[in-house]
Amino acid sequence: MRRILHIIYSLYRGGAERLIETQALLGDRERFEYIVCSLTGGGDLVPHIESAGARVVLMGKRRRGDLTIIPGIARIMEREKIDLLHLHNESGAFWGTLAAICSRRRVPIVRTEHRPWIPRELPLIYRSLHRSLAGRSSRIICVSGYVRSSHEKHEPELAGRFETIPNGVRIEAFDDLPGKREARAMFKLPPDTPIVGTIGRLVPVKNQRLLIEAFSMVHSERPDAHLAILGEGPLAGALAAQAADLNLSNEISFVRSTPSAEAFLRSLDVFALSSDSEGMPLTLLEAMAAGVPVAATGVGGIPEVIENGDDGYLVPPASPKLLARVISSLLSHPGDALEMGSRGREKVERCFSAERAVRDTERIYREILDG
């Protein structure tokens, strides 16, 4: 039995965190035991990860530059006799690699890049040490071809270590969902009106401001339409103020995070994603798995998922009028939208299953540990 230690910043319900949960749930338990280390405190995914069969360790990091977590992680590696580190995103990779350097237990490192290389979004110390720390990884998994190409351009000397493993979702999680009216009642959404929705942290890169602007144009044509935004984050107040300024406070619902994203998606007629940057958003794959037609900005790895006009619509970033146009088209042609949603689900079943992603990741573990 080989022990794999996943390290990530927190265990709140984000895409990378849910991929770790899926790895624990679907992984080969005869070969691998998973331990998950959160650099900070807990999060709503902790009980889900534990019920999936992994142990969770919380480091309790409370401030930037807290160097005590380096020996703390090193002690976990030594105490648990870890065989391989799997590090996620810049924070997990930064602190996990430093701990590996300091540990008496020498183990190989796999890191997953869930986002493209955007240096301006990183602290200076992360940017400064990124190349040297990345060079200590045996393999670097990227969740889309776009993410891979962006990192390969920054670290061409590591090109042979990169591998693309697209994100995946558990299709069966979207079977046997409640009916649309029941799902809407769960989130206090209007029962009999067209609903556009999205899921994501309320942060600048997700650009829900653009979605609200686009929805105001949709609403001028379809006054019965409603927008539902599921997520939490620092922009919650600003987005609510924007809705009020547009006289749309009653037509836009802000829903706090929930353990049942599947039920929320079931309540929607259209899923919209207005991000400025993405790796391969899990919420997009989940919406398609739920059979909801999608309209998304064509950024990052999103065009690797959606064939424009067939299983979803793509629009350029920062284009509220175009986003409004495709959303209105989907709402005005429900039959065509239903067929598009069906093709989207077929695409996810064929190309983006969680089982495939877990299998490919564990193949990399075996190649490193048994090679």
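In this predicted model, Thr-22, Gln-23 and Leu-26 of helix 1 are in contact with Ala-354, Glu-355, Val-358, Thr-361, Glu-362 and Tyr-365 of helix 14. Sorted by class, the residues of this contact are 4 nonpolar, 3 polar and 2 charged. Helix 1 covers residues 15-26 and helix 14 covers residues 354-370, and the two pack at an angle of about 80 degrees with their axes 10 Å apart. Because of that angle, helix 1 counts as roughly perpendicular to helix 14.

| Cavity | Volume | Lining by class |
|---|---|---|
| Largest cavity | about 190 Å³ | 9 nonpolar, 10 polar and no charged residues |
| Second largest cavity | about 50 Å³ | 5 nonpolar, 1 polar and 2 charged residues |

The largest cavity, with about 190 Å³ of space, is lined by 19 residues, of which Leu-19, Gln-23, Asn-167, Ala-357 and Thr-361 are the closest to its centre. Helix 1, strand 4 (84-88) and helix 14 are the elements that give two or more residues to this lining. Gln-23 and Thr-361, which are among the residues closest to the centre of the largest cavity, also belong to the contact of helix 1 with helix 14.

The second largest cavity is lined by Glu-90, Ala-93, Phe-94, Arg-111, Tyr-126, Leu-129, His-130 and Leu-133. Helix 4 (89-102) and helix 5 (124-134) each supply at least two residues of that lining, and the largest share, 4 residues, comes from helix 5.

Elsewhere in the chain, 6 strands form an open sheet with parallel pairing, in the order 10-9-8-11-12-13. Strand 10 (252-255) and strand 13 (313-315) stand at the edges with a single partner strand each, so one side of each is left without a neighbour in the sheet. On average, and with direction ignored, neighbouring strands of this sheet are turned by 20 degrees against each other.

Within the sheet, strand 8 (residues 195-199) and strand 9 (residues 226-230) run parallel and are joined by 5 bridges, and Thr-198 stands opposite Ile-229 in strand 9. Helix 8 (residues 208-221) lies across strand 8, strand 9, strand 10 and strand 11 (270-273), and runs at about 170 degrees to strand 9.

Key: Residues numbered from 1 in each chain as written. Predicted model: local features only at pLDDT ≥ 70, side-chain atom pairs only at ≥ 80, totals over all residues. Heavy atoms only, no water. Axes fitted to C-alpha atoms, helices over the stretch in contact; angles between N-to-C directions. Parallel < 35°, antiparallel > 145°, perpendicular 65-115°, else oblique. Contact = heavy atoms within 4.5 Å. Nonpolar A, V, L, I, M, F, W, Y, C, P; charged D, E, K, R; others polar. 1 Å grid on protein atoms, 1.4 Å probe; cavity = no way out; pocket = protein on both sides within 12 Å on 5 of 7 lines; lining within 4 Å. Points joined across faces, edges and corners; volume = space filled by probe spheres on them. Pairing = 2+ DSSP bridges.
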